[in-house]
Amino acid sequence: MMNLEVKNFPGKGDALIYFIAKEKLKNDAKLKQLDALTKGALSQKIKLHLFEAGADEMVSIEMVSPYKHIVLYGLGKTSSVTQATLRNAVANAVRFSETLRASSATFFYQEEFKHIPLFDLGKSLGIGASMGNYHFDKFKGKETLKKAHRLSHICIYIEKAIPKELQEGLAFGELIAKGMQTASNLVNEPASHIHPIELAELATKIADSSKEKISVQILEKAECKKLGMGAFLGVAQGSIQDPKFILLKYSPTTHDKRLKAKKICLVGKSITFDSGGLSLKPPGSMEDMKTDMTGGATVLGIFQVLATNPFSPHEVWGVLPACENMVSGGSMRPGDIVTALNGKTIEVLNTDAEGRLALADAVSYAEKYIKPDIMIDIATLTGACMVALGKDISGIFGNDKSFIKQFLEIAKIEGEEMWELPLYKPYAKFLKSDIADLKNIANAGGGGAITAALFIAEFVNKTKWLHIDIAGPSFRDKPSNGVVVKGGNGVGVASIINLLKNSKPYNP
Ligand code: BES
Ligand code: MN
Ligand code: ZN
């Protein structure tokens, strides 16, 4: 457990992290003091390493007292410092302090942050510090962990009285990071440990901890059948694990009766393992398929934050169609036809295009029974999205230009890489089947992320809808960078929380 706090005295952190902007490097009073503490060794090191305080440049020096290490961390120009760059810098600095085997780190509050509102600043520091300190250790034994080193204390040092907004922002940032970490843990845990039932249990636990702000309902296989979820159940039928259709509802504490809150529905793809089914994946493509429930993990992470802090003025729904896509004598066969909850028939030509089948019923359920004003689905939907945008970037589709624009602006503030891809209607004809209403793969000669989005659009009515294809960012295979940690990383949690918090309720 890591302890994170703001203090107005410097404390004795093992590592002092000093952020510095490029234009201040030559003439910063505090840096001169630090240099004097090291008897000039710090400025020598700066010279030797050609340190210019460019963005994410680092130089460190060992000493004895009052700190064991001073780490100078470059911010680039002050004008380039944003919430997103700052939270990444904090996370990187924490990770670096860990390699120094520091147990505690102290950050100095800097003038360079002044243009960021205090709450947002605190939030960024909270997310950065917490994610910099994230490790997935659950399956590591004592022997394996012996040489691992962890920070137990991080302190933000501010020379004046501690502003309330900074303190509140820090706590909220820490909470968001907890949501991101819950999501990351779920993604990192293998399919031997996370089945649909574990997702249902966690949803129940979250609701139980929410002081009745969140209610949960788990639809079992028989109820799904009664409701006509043939597409979702088709995916589930090859597995011995029972499917769970998980519903969460958060009711806001309405402060102003004149404001009618929006109903926002979050749908998360929750395939706890995707073998491809009878259209079996080759081994290399199957290796990471425990991650195919990342969308659902993101939604659970967000609800965990809502359970602790009822920050949203809106009614928020979570829908997780959770099942496994497996191979057995009972599996769906290529060519089978299933009927979705909205009555549309689907010819399943490829059982590996299962995400869209599960989502078809989840989206149809939301349209029929929840009737939201806004619907966002988040899904590890297509390898094609990764081909288009690479591993770092999520693809965004939607039926409302201004909502897409609003969400992309939010994602930018939160430092999440998302780019719009077109919901290009002429490709919809490739989803027509010869013998059913739709088929689940399109021979469009490419554009697989687009045709998958168009498939889901077939189940959306007039609702404002956004589709986030997170196939790339769901699982980072390169080393951690800033708040984006290796493996599961909580993609989407911060941006969607920002939307739920800051998008205005309307007055009808
Ligand atoms: N879960 C996969 C998509 C995926 C691939 C996510 C790689 C993360 C990393 C999805 O169910 C899938 O298999 N999609 C197929 C669709 C195809 C059969 C039309 C794909 O992308 O190959
Ligand atoms: Mn698949
Ligand atoms: Zn899948």
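Reader: Which residues does Glu-354 touch, not counting residues up to four places away in sequence?

Author: Glu-354 touches Val-235, Lys-269, Ile-271, Asp-274, Asp-292 and Asn-325, where contact means heavy atoms within 4.5 Å. Please keep in mind that this is a predicted model, in which local features need pLDDT of at least 70, side-chain atom pairs count only at pLDDT 80 or more, and totals for chains, interfaces and linings use all residues. Residues are numbered from 1 along each chain as its sequence is written, chains are lettered from A and ligands numbered from 1 in the order in which they are written, and side-chain values use heavy atoms, with hydrogens and water left out.

Reader: Why is Glu-354 called buried?

Author: Buried means under 20% relative accessible area, exposed over 50%, and partly exposed in between, with a 1.4 Å probe and protein chains only. Glu-354 has a relative accessible area of 0%, so it is buried. Asp-274, with 2%, is therefore buried, and Lys-269, also with 2%, is therefore buried.

Reader: What coordinates the zinc ion (ligand 3)?

Author: The zinc ion (ligand 3) is coordinated by Lys-269 (NZ), Asp-274 (OD), Asp-292 (OD) and Glu-354 (OE), at 2.0 to 2.5 Å. Donors are N, O and S atoms within 2.8 Å of the metal (3.2 Å for Na, K and Ca), and because water is not among the atoms, sites may look incomplete. In sequence these donor residues follow the spacing K-x4-D-x17-D-x61-E.

Reader: What makes the arrangement around the zinc ion (ligand 3) octahedral?

Author: Six donors count as octahedral if opposite donors are over 155 degrees apart and all others between 65 and 115. The six donor atoms around the zinc ion (ligand 3) subtend angles of 78 to 174 degrees, and the arrangement is therefore octahedral.

Reader: Which residue coordinates both the zinc ion (ligand 3) and the manganese ion (ligand 2)?

Author: Asp-274 coordinates both, and the two ions are 3.2 Å apart.

Methods
Tetrahedral: all angles 85-135°; square planar, octahedral: opposite > 155°, others 65-115°.
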